[in-house]
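Let's take a walk through a protein model together. Have a look at the sequence and the structure first, and then read on.

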Amino acid sequence: MKKTILIVEDEPRMQTIIADYLEDEGYQTLAAANGVAALELFKSKRVDLILLDIMMPKLDGLSVCRTIRKQDSRVLIIMLTAKSAENDKLLGYEYGADDYITKPFSLKVLVAKINALLKRADAGAQETPEIYEIGRLAINQLSHTVTLAGEPIELTPKEFELLVCLVRNKQRVLTREMMMNLVWGYEYYGDLRNVDSHIKRLRQKLKSEGRLITTVRGSGYKLEAGQ
């Protein structure tokens, strides 16, 4: 599956140049021209890495970075900026950026940074546990099985994917759009209420542990940490 990179850049020509180059390198791209649009895309799409300009209208890049880090500590962020002062770079890192590149920059260098960060992230992902334990639930990713206090629970493939999606994003609010994209894929254009019906059935099948899946009104769903 192609990695998705969100380009947050308010200068249209620069945005197009970066997108074209990254797509030639085999990446899938999304684009936003301001911080508000960037956050909306981040909430609704699956993103592996964000190229984030600092000086933007509506909401600056540092504020976007800080907001995203409160929701997701894993997505990779590279700051793109004309600011080269050391204090500005340190502030970017303090807000949660993984790397920093100053304009004007070489597209080859940018891609090298992207490749290095994604390779490191993939290596870390390989250390993901085969079995997740949440409350009295045990979710085995290899065998696609779920047990409750040692007793097997029968889930459909989509119910299992939905549960794993929630577990991997434990204590993070997932919108219906995000869950639809992560579980059903970008090309699926079904009704978002399909997510609600699957969540309802999943809660029922998880019995007492179904309480761990909480509804966040106006936003989506969240899996709480089990006791």
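Helices here are DSSP runs of H or I with at least four residues, strands are runs of E with at least two, and both are numbered from the N terminus. Counted that way, the chain has eight helices and twelve strands. What you see is a predicted model, in which local features need pLDDT of at least 70, side-chain atom pairs count only at pLDDT 80 or more, and totals for chains, interfaces and linings use all residues. Residues are numbered from 1 along each chain as its sequence is written, and side-chain values use heavy atoms, with hydrogens and water left out.

Let's begin with the chain as a whole. Of its 227 residues, 44% are buried; buried means under 20% relative accessible area, exposed means over 50%, and partly exposed is in between, using a 1.4 Å probe and protein chains only. The chain exposes about 12300 Å², and carbon and sulfur atoms supply 50% of that area. These accessible areas come from the Shrake-Rupley method with a 1.4 Å probe, and for residues only the protein chains shown count as cover. Contacts (heavy atoms within 4.5 Å) tell us about the fold too: among those with a separation of 6 or more, 56% are between residues 24 or more positions apart.

Now find two helices, H2 (residues 35-44) and H7 (residues 176-184). Their axes come within 7 Å and cross at roughly 50°. An axis is a line fitted to C-alpha atoms, for helices over the stretch in contact, and angles run from 0 to 180 degrees between N-to-C directions. H2 and H7 are therefore oblique to each other, since angles under 35 degrees count as roughly parallel, over 145 as roughly antiparallel, 65 to 115 as roughly perpendicular and the rest as oblique. On the H2 side, Phe42, Lys43 and Ser44 make the contact, while H7 brings Glu177, Met178 and Asn181.

Next, follow the strands. S6 (residues 131-134) and S7 (residues 137-140) run antiparallel and are joined by four bridges; two strands pair if DSSP finds at least two bridges between them. Tyr132 stands opposite Ile139 in S7. The hairpin of S6 and S7 has two residues between the strands, and Gly135 there takes a positive phi near 60°. S7 is also joined to S8 (residues 145-148) by four bridges, again antiparallel, and Ala138 has Thr147 in S8 as its bridge partner.

Which residue in the hairpin of S7 and S8 takes a positive phi? With four residues between the strands, this hairpin has His144 at a positive phi near 55°, although His144 is not a glycine. His144 counts as exposed, at 52% relative accessibility.

The loop between helix H8 (193-205) and strand S11 (213-216) holds Lys207, another non-glycine residue with a positive phi, about 55°. Lys207 is exposed, with a relative accessible area of 61%. Glu209 also has its place in the loop between H8 and S11. Is Glu209 buried or exposed? Glu209 is buried, with a relative accessible area of 3%. Leaving aside neighbours within four places in sequence, Glu209 is in contact with Ile134, Gly135, Arg136, Leu137 and Leu148.

For a last stop, look at the loop between strand S5 (99-102) and helix H5 (107-125), where Pro104 has its place. A cis peptide bond joins Lys103 and Pro104, with omega about -10°.
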